[in-house]
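Dear colleague,

I am passing the structure on to you with this message, and my notes on it follow below. Please read them with the model open beside you.

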Amino acid sequence: MSDNTQENDNETLISHLEALRETLLKCFISIGIILPFAFFISPKALDFLIKILIGNNNITLNFFSPVEVFILQIKLALVIDILVCFPYIAKNLWDFILPALYDNERKFIKSIVLYSSTLFILGVIFCIFTILPLIINFGMSFSNGNIQAVFGISNVINLSLWLSVVFGLMFQTPLVVHSLIKSGIVDYKTVADKRRYVVAILLICAAILTPPDIVSQVMLFIPTYLLFELGLLFSKR
């Protein structure tokens, strides 16, 4: 390799690193700009989330340290910040990757990013508005004259945030199945014939990703398996 070629390669690498640095800097700056606004609305967002979770149940959430609620508001503000900044972050990352891709790769990644984001949002919405109220109602069903439920706000909100992320990720199942089959990594018949292994894998994932109770595990497994079948159906067509 000549000295000129090596020098050009070094300059190309440095330019790529500089572009990456600028891209990441823009992403972090956007997060920093939105964070104060996210923290400002986080108390109202926390109240809204609690109303959805509690529903018509006569529940009072308790906190057990002076800064417990404040820390929860910070966590929620960070989540809101990232969600609001996600389109801008995705655009900057996309602009950085775009020049190195072929046209067919650009179209494929565009569709993957769009569908993946949509499925993640649907998973979070499904969890918050359907699954979490069911879990709260299930817990309340054990209350009677001698047993009263006392819920800590940190436990409830942390569980809500964690399960929301888990459901958002597990809702990627049809996209993963469809991509694997359409890319030729596996064929449709192989996946269709190995359903029992898929069931076992999904049950293991549900047991690992959810709290150690059968209700959360079943509520994660059932929609995930249905989404797997949906991805299989789209791949067949």
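Rings of Phe, Tyr and Trp (its six-membered ring) are taken to pair if their centres lie within 6.5 Å, and a pair counts as stacked with planes under 30 degrees apart, as edge-to-face over 60 and as tilted for the rest. This is a predicted model, in which local features need pLDDT of at least 70 and side-chain atom pairs count only at pLDDT 80 or more, while totals for chains, interfaces and linings use all residues. Residues are numbered from 1 along each chain as its sequence is written, and side-chain values use heavy atoms, with hydrogens and water left out.

Phe126, Phe167 and Phe171 make up one aromatic cluster. The structure has 6 aromatic pairs; in one of them, the ring centres of Phe126 and Phe171 are 5.8 Å apart and the planes meet at 40°, so this pair is tilted. Because Phe126 belongs to helix α3 (residues 103-140) and Phe171 to the loop between α4 (153-170) and α5 (173-182), the pair ties together parts 45 residues apart in sequence; helices here are DSSP runs (H or I, at least four residues), numbered from the N terminus. Phe171 is buried at 10% relative accessibility, whereas Phe126, at 28%, is partly exposed (buried means under 20% relative accessible area, exposed over 50%, partly exposed in between, with a 1.4 Å probe and protein chains only).

Turning to another site, Ser30 sits in helix α1 (residues 3-54) and is buried, with 11% relative accessibility. Leaving aside residues up to four places away in sequence, Ser30 touches Asp81, Cys85, Tyr88 and Ile89, where contact means heavy atoms within 4.5 Å.

Terms used. Helices (H or I, at least four residues) and strands (E, at least two) are DSSP runs, numbered from the N terminus.
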